[in-house]
Amino acid sequence: MKIWKLGLEIANDVSDVLVSFPNHERFDLSSQMSRCSISIPSNIAEGSARTDKSFSHFLSISLGSSFELGTQLLIANNRNYITDNKLKLLEDKIEEFQKMTMGFQNSLS
């Protein structure tokens, strides 16, 4: 599934970014961002084994995590943990994921 693969890519990109975060963020923002990014492809994988109605619910959770991650990236950028360039690249991937996922979700209805 393309959305699952893109979700994995986002999770891996976030993991790469978190390496440079300050140590004091290890249990706060970086932990939250890690869980959030991992939730994106994980919920797609779990939902894929369900009925279409249930799968749509898991896609909604995945979408929610992607929007949450977008906010966390803005916070990281405001704290100068990530550059404007890196923020833009991740935001673009997340936006692509959201559009693709919403389109797929609509096809399940």
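Predicted model: local features only at pLDDT ≥ 70, side-chain atom pairs only at ≥ 80, totals over all residues.
Local features need pLDDT of at least 70 and side-chain atom pairs count only at pLDDT 80 or more, while totals for chains, interfaces and linings use all residues. Residues are numbered from 1 along each chain as its sequence is written, and side-chain values use heavy atoms, with hydrogens and water left out.

**View 1. Helix 4 from end to end.** Helices here (H or I, at least four residues) are DSSP runs, numbered from the N terminus. Helix 4 covers residues 84-108. At 1.5 Å a residue, its 25 residues should span 36 Å. The expected span is 1.5 Å times one less than the number of residues. The end C-alpha atoms of helix 4 are 36 Å apart, which agrees.

**View 2. Helix 1 against helix 4.** The axes of helix 1 (residues 2-18) and helix 4 come within 10 Å and cross at roughly 155 degrees. Axes are lines fitted to C-alpha atoms over the stretch in contact, and angles run from 0 to 180 degrees between N-to-C directions. The two helices are therefore roughly antiparallel (angles over 145 degrees). Helix 1 contributes Lys2, Ile3, Leu6, Gly7, Glu9, Ile10, Asp13 and Val17 to the contact (heavy atoms within 4.5 Å). Residues on the helix 4 side include Leu90, Ile94, Phe97 and Phe104. By class, the contact has nine nonpolar, two polar and six charged residues. Nonpolar means Ala, Val, Leu, Ile, Met, Phe, Trp, Tyr, Cys and Pro; charged means Asp, Glu, Lys and Arg; the others, Gly among them, count as polar.

**View 3. The buried residues of helix 4.** Leu87, Leu90, Ile94, Phe97, Gln98, Thr101, Gln105 and Leu108 are buried (under 20% relative accessible area, 1.4 Å probe, protein chains only). Their cover includes helix 1, helix 2 (29-47) and helix 3 (52-78).

View 4. Gln98 is buried, with a relative accessible area of 10%. Not counting residues up to four places away in sequence, Gln98 touches Leu63, Ser66 and Phe67. Gln105 is buried too, with a relative accessible area of 12%. Leaving aside neighbours within four places in sequence, Gln105 is in contact with Ser56, Leu59, Ser60 and Leu63.

**View 5. Lys99, an exposed residue.** Lys99 also lies in helix 4. Its relative accessibility is 56%, and Lys99 counts as exposed (over 50%). The C-alpha atoms of Lys99 and Ser15 are separated by 23 Å. Along the chain, Lys99 and Ser15 are 84 residues apart.

Note on methods:
Parallel < 35°, antiparallel > 145°, perpendicular 65-115°, else oblique.
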